[in-house]
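I opened this model to look up a few things and keep notes as I went. The entries are in the order in which I looked.

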Amino acid sequence: MKNIIVVGNGMVGYKFCEKFVAKSASKDFKITVFGEEPRPAYDRVHLSEFFENQDAKALEMAPAEWYADNGIELIVDERVTDIHRSTKKITTVKDREFSYDYLVLATGSSAFVPPIKGVEKEGVFVYRTIEDLEGMLAYADKLKKEKPNAKAAVLGGGLLGLEAGKAAMDMGLEPHIVEFASKLMPRQLDLRSSQVLQLKLESIGLNIHLSKATNQILGDKAITGMEFGEDDVLDVDMLIISAGIRPRDELGKTCGLEMGVRGGIVVDNKMQTSDENIYAIGEIALYNQMIYGLVAPGYDMAGVAVDQILGEVEALMPDEIDMSTKLKLIGVDVASFGEPFMPASKGHSIIFENKTQYLYKRINVSLDGKSLLGGILVGDASDYNMLHQVYLNGMAIPEDPSQLILPASEGGSSFGSVLDLPDTAQVCSCESISKGDICCSITEDDCNNLGDVIEKTKATTGCGGCKPMVVDLVNETLKSLGKEVKETICEHFSFSRQELYDLIKINKVADYEETLNLFGDGHGCEICKPLVASIFATITMETPNRQPVIQDTNDRFLANIQRNGTYSVVPRIAGGEITPDKLIVIGEVAKKYDLYTKVTGGQRIDLFGAQLHQLPLIWKELIDAGFESGHAYGKSLRTVKSCVGSTWCRYGMHESVTFAIDIENRYRGLRSPHKLKGGVSGCIRECAEARGKDFGLIAVDGGWNLYVCGNGGATPKHAVLLAEKLDDETVVKYLDRFLMYYIRTAGPLVRTAPWLDKLEGGIEYLKQVVIEDSLGIAEELEQEMQGLVNRYECEWKQAIENPEMMKRFKHFVNSDDTDDNLVFVPMRDQKMPKAWS
Amino acid sequence: MQEDILKQYETVTEGNVKEWFEVGKVSDFPENSGACIKHKTKQIAVYNFTRTGKWYASQNLCPHKMEMVLSLGMIGDKDGVPKVACPMHKKNFSLEDGSNLAGEDLKIATYPVKIEAGNVYIGFSD
Ligand code: SRM
Ligand SMILES: Cc1cc2nc3c(=O)[nH]c(=O)nc-3n(C[C@H](O)[C@H](O)[C@H](O)COP(=O)(O)OP(=O)(O)OC[C@H]3O[C@@H](n4cnc5c(N)ncnc54)[C@H](O)[C@@H]3O)c2cc1C
Ligand code: SF4
Ligand code: FES
């Protein structure tokens, strides 16, 4: 039995263990791992997610039991302090001694803190460990209590700095990025792309300060500002330093291993240091005179060290390491690959820039125009995976390479099928999974769907950036085998939503239990129940009152559940128009039940903090005053937003409010695969943001232009033109057909925009179906919709008038008590739920 | 305070029941659904699997964000194991042993249920 000691239980140290125990020869070794941090290795790449949920467990690479289960001794919270090479022993901070046959150094790096006067002040942080984040959160909390508009700066505008900037923003602080260079992400971006990125980041509220050298951190005990020049000061209350990394190489220094001039432990392509029994991997290893600050090369190094120790001497680190990156900043795509900046002597650059849309794309092409050398994408990196593969594999590019980056014209992409990639193409670089590995797991092994493939290969489990490509590969491979690629609903129904919709309709099934008995297996779940409920609703317009227990919790109680288990109440205010009398009623009801009141982003009013038993009482008062449900809780029509239009506005061309109200009332209560929103603007100034909706109308000379399939949210899409200059009646006709066609054919929880994306033939095909009736179903669609419209009934009215239905609005079955765990705290003259921790 | 609330929930098995507490008639509980009952300071979610004729009970508190909501979640099964999906973030818990079905560390306490003469009883050990 030989002993391996791993120093450092970070991402790479963990990967070493994982790869080691996967080999059968590992039986002859005992591994002991030392980690200085108080917990087992976690996913540093996704560290920022800790801000969202403060769930350290969710970031774990593997639970503590995993090590024991695999015969590995894990000792956390104990730093290794010395290496005694002559006796092959190490000592730890607790003065314990351990012997090794092989030593693997995976001590990673720490954040580099530049020697600026005052960096030791309170409120200055680095961004590297969970403890750093906990410190920041606590400090930000304290700041916000003392100061409503506290500011936080990030020193460093690189990849990590921008992520830290986003984190500062999420913590509710005014975010500032301070960068020494004249551009953002200086290692990845050229000046123009940096400018485009800057505009975009500023538009979402990040303040950017370039070309700033910080002389001093101001403040007595705690930081109050940063001084750049004499009269150049930025007031800030917190600072996050993200100015690069420094390898944790102190162990190497003291035991006399060969070191780099600027730090790092020198390794060869076997990952061996100058001592043949000592290996170094990850961010501590200086390979090719470089520290690679990314996990993918670190994982490769771990694999090489495993093989070398087990005697597979031909496993070597490649000479060239790909440093392409795609940033996962929410809402902003940034990617850079290959040679992003290229001197004109080596090739030609093709640049596409559109600042109005915050888009910048650059590709560098060889002088003969035949191969792709690198590039930069800002604003839209959806083609990154494909471009990156073309670059890595030296694949042929179109005769006119500009097609690779020009916005896709109708008809779609200029890339071939993913199956054209060579088998060796590395698709998941974090886990080194090639296209061949993925396809083989289906063709050779018995993987049958995406889940199987991920479980088998571990592809996508690192940064996740390769997911779209893996999905495509799996689907294409399955198709090429003649296997059906079925988007089945869940383990209980092996049908697609559309198939089940047809089955239920043709067989006139009306109950969930019956549906499950006839077409499904098992006892159902939270995925198929609401889906089947939605199908019933779109066939017969039944409300959630008839089968409440198969509804999503929101639909079941006809209200949106809030973070503390209370509910919100949103009455319909069609088109956003409301009389003063009705406004007074809402005010009075809110006051009586002490509800937090807010104007929503959908032109209506939301009353928050109602308890279950209060819902019917509140709704009774609202209904008596002429209100009805706003269906804010359902996957259903929400609002049709309006602008004031020709009745008041000096530019208005048609009566947009009237039309918005008519349309909202026509489709109110309509259930659909996802929520539906509309908008009506009185002229092209578009104050109702109609093109950000599932359907939008814009008044023009001669009628309405009808746009479809837009949305806001996480992936905003502008709606596209379906038809021009329509009269009111034709608008309704086309809308009936469009909506009903979507409802029939979309997958569960697929909104109109992604539905259109997937629709073969795209908008042109949709035009044929809706306008030219190419499928011959237009009349049927209109009749179905009219049937649903005729059967509309306010479900809240239905519920409060029926004692049996009312039973569900009670917290306890065996007591009239109410939930005594609810605690509210005051906020700006109203109230909010008390945060739990 | 939140630790105290969580601490009062510990799994009870039929073997260590000290009191069978009557919580209502079978007809008070919606079919194929959960509902909440109160016992002293505890909130217990009771699940009526009419489809299989089985009953389960667990703490009403979701250990994820400490919300009193599990009785409002949808019930069903995963690979045959009866489960509840928390309405907040859809974490799935086994109603047989309270474990989280995604393998996470979260766990809920479960309680035995018995039906006698149309009445529903939950077993407590305190
Ligand atoms: C209340 C409100 C925020 C506000 O205070 O203004 C709101 C609140 C919620 N939104 Fe919203 N959205 C609200 C307007 C919007 C808007 C603005 C708009 O409608 O013009 C958008 C962007 C437009 C759009 O939908 O395309 C919006 C995009 C979303 C999304 C992203 C949808 C997407 O396709 O990407 C979600 C998530 C989802 O539905 O899956 C969401 C989900 C939610 C949920 C339901 C989250 C949840 O499950 O709890 C929130 C419910 C709160 C509640 O209990 O009432 N909300 N949400 C707004 C209610 C409008 C209304 O009167 O009904
Ligand atoms: C916020 C953030 C975002 C990132 N995003 C990305 C990204 O998107 N893509 C990407 O590729 N990379 C990203 N990285 C970089 C990536 O996390 C690192 O490349 C990777 O973690 C390096 O792994 P490692 O094991 O070498 O070092 P580490 O993960 O730093 O692990 C080293 C461990 O060794 C311990 N240690 C040090 N000395 C001793 C000692 N003497 N005794 C015992 N233990 C010791 C340390 O405490 C630490 O736990 C990001 C990093 C951060 C901080
Ligand atoms: S954006 Fe919408 S979903 Fe997100 S917190 Fe605000 S209201 Fe909730
Ligand atoms: S509170 Fe239950 S899953 Fe989040």
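**Entry 1: starting point**

I noted before anything else that this is a predicted model.

**Entry 2: a sheet of three strands**

I looked up an open sheet in chain A and found three strands in the order β4-β5-β6, paired antiparallel. I then checked the edges: β4 (80–84) and β6 (97–99) of chain A are the edge strands, and each of them pairs on one side only. From one strand to the next, the twist averages 25°. I followed one pairing in detail. Four bridges hold β4(A) and β5(A) (residues 89–92) together in the antiparallel sense. Within this pairing I picked out V80(A), which stands opposite T92(A) in β5(A).

**Entry 3: a sheet of four strands**

Next I went to another open sheet of chain A, with four strands in the order β28-β29-β31-β30 and antiparallel pairing. Why is one side of β28 and of β30 of chain A left without a neighbour in the sheet? I found that β28 (560–561) and β30 (596–599) of chain A stand at the edges and have a single partner strand each, so one side of each has no neighbour there.

I traced the pairing of β29 (residues 567–569) with β31 (residues 605–610) in chain A: the two run antiparallel and are joined by three bridges. Here S568(A) is the residue opposite F608(A) in β31(A). I also saw a helix packing on this sheet: α19 (residues 614–624) of chain A touches β29 and β31 of chain A. The direction of α19(A) makes about 5° with that of β29(A).

**Entry 4: where chain A meets chain B**

I turned to the interface and asked how many residues of each chain are in contact. The count is 40 residues of chain A and 43 residues of chain B. I looked up the area as well, since the size of an interface is often given as the accessible area lost when the parts come together. Chain A and chain B bury about 3400 Å² between them, and 50% of it is on carbon and sulfur atoms.

I listed the polar links next. The rule finds 20 residue pairs in polar contact across this interface, and it finds four salt bridges there. One that I looked at joins K83(B) to E526(A), with the closest N and O atoms 2.9 Å apart.

Which helices of chain A supply at least two residues each to the side that touches chain B? I noted α15 (512–519), α16 (528–540) and α17 (553–556) of chain A. The most comes from α15(A), with three residues. I sorted this side of chain A by residue type and got 12 nonpolar, 16 polar and 12 charged residues.

**Entry 5: salt bridges in the whole structure**

I took the total over all chains, which is 55 salt bridges. I then followed one inside chain A: K147(A) pairs with D237(A), and their closest N and O atoms are 2.6 Å apart. K147(A) is in the loop between α5 (130–146) and β10 (151–155) of chain A, and D237(A) is in the loop between β15 (232–235) and β16 (238–241) of chain A, so this pair ties together parts that are 90 residues apart in sequence.

Key. Residues numbered from 1 in each chain as written. Chains lettered and ligands numbered in written order. Predicted model: local features only at pLDDT ≥ 70, side-chain atom pairs only at ≥ 80, totals over all residues. Heavy atoms only, no water. Pairing = 2+ DSSP bridges. Contact = heavy atoms within 4.5 Å. Axes fitted to C-alpha atoms, helices over the stretch in contact; angles between N-to-C directions. Buried area = accessible area lost by both parts, 1.4 Å probe. Salt bridge = Lys/Arg side-chain N within 4 Å of Asp/Glu carboxyl O. Polar contact = N/O pair within 3.5 Å; in protein donor to acceptor, adjacent residues only side chain to side chain. Nonpolar A, V, L, I, M, F, W, Y, C, P; charged D, E, K, R; others polar.
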